[in-house]
Amino acid sequence: MKPVVLMKGSRKLPSPLVNFMIIGAQKCGTTALARYLAEHPSVCMAWGKEVHLFDSLAPVGFAPQRLDRFYHGYFEHYRGEPIVGEATPSYLYFPEAIAGLHHYNPRLKLIVLLRDPLERALSAYAMERNRGRESWPVDPALCLEPVRRLAASVFRGSRTAHRTTFSYVDRSRYRRQLDTLGSYFPKEQILLLHAEALGRRYEETLRSVYAFLGISVPSPLPPPRRVRQTERKYRPSSLTLAWLRWVLRKERRWLRERFPNRSD
């Protein structure tokens, strides 16, 4: 029998509370998938989608029960659903976050969505511009990313500042991140999806997600949602695009080989 923790009087919650997560990649359709799953009667998704527990703390030193106490406020609406999850797409990027996830619950089921690495980098830049956290034009912001990340690590003094800021291209290096993930979790607990499938083959994709989580296929399926695309007003010059294609060529080739049946 699983241990339980108490919350608000007599209400009991399983521990570990969270048994699946959508962990990345950023700007790859994680919001759309989280919303699809939130509509399933057997799934309880964290309030607000992104919790950022494992990329903001060093949770390996905390007992799982203590981490569950942190989670409680995000699951006030929990009503006994067998599948409990959250979606923080930055977890995939941080090795220490992956280690923390394994420490918290080594039986976690993890979903990872990927898209063209170049388009993902451009979409991440557009997001930061729209949020007001990026002021540089797109060409120097992308081409000088390594220098900017180094400066952030030196002058901000944070252990993650150089990776949370100006990491547009670096976050598109999927293979390194997936190698780290695979060193902690067996492949049976990891579901890789191409983000485009959520838009073009969303029924087939949702059925594969439901099967992975061990839950029934609802009837009817939730209506299709729009998966956001890169904003064209932030497209870089042809020279910068050529540079990005060269820098990310191996990642793009790997992705095409991993999803050979994807229609462009």
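Let's start at His52, which sits in the loop between strand E4 (43-45) and helix H2 (64-71); helices (H or I, at least four residues) and strands (E, at least two) are DSSP runs, numbered from the N terminus. This is a predicted model, where local features need pLDDT of at least 70 and side-chain atom pairs count only at pLDDT 80 or more, while totals for chains, interfaces and linings use all residues. Residues are numbered from 1 along each chain as its sequence is written, and side-chain values use heavy atoms, leaving out hydrogens and water.

With a relative accessible area of 28%, His52 is partly exposed, because that term covers values between buried (under 20%) and exposed (over 50%), using a 1.4 Å probe and protein chains only. Beyond its neighbours within four places in sequence, His52 is in contact with Glu86, Thr88, Ser90 and Tyr91, where contact means heavy atoms within 4.5 Å. The side chain of His52 also makes a polar contact of 2.7 Å with the side chain of Glu50. A polar contact is a pair of N or O atoms within 3.5 Å; within protein, one must be able to donate a hydrogen and the other to accept it, and residues adjacent in sequence count only if both atoms are side-chain atoms.

Now look at Ser15, in the loop between strand E2 (11-14) and strand E3 (20-24). Ser15 is buried, with a relative accessible area of 4%, and a polar contact of 2.8 Å joins its side chain to that of Asp68.

Finally, step back to the whole protein. You can find 12 helices and seven strands in it, and 50% of its 264 residues count as buried.
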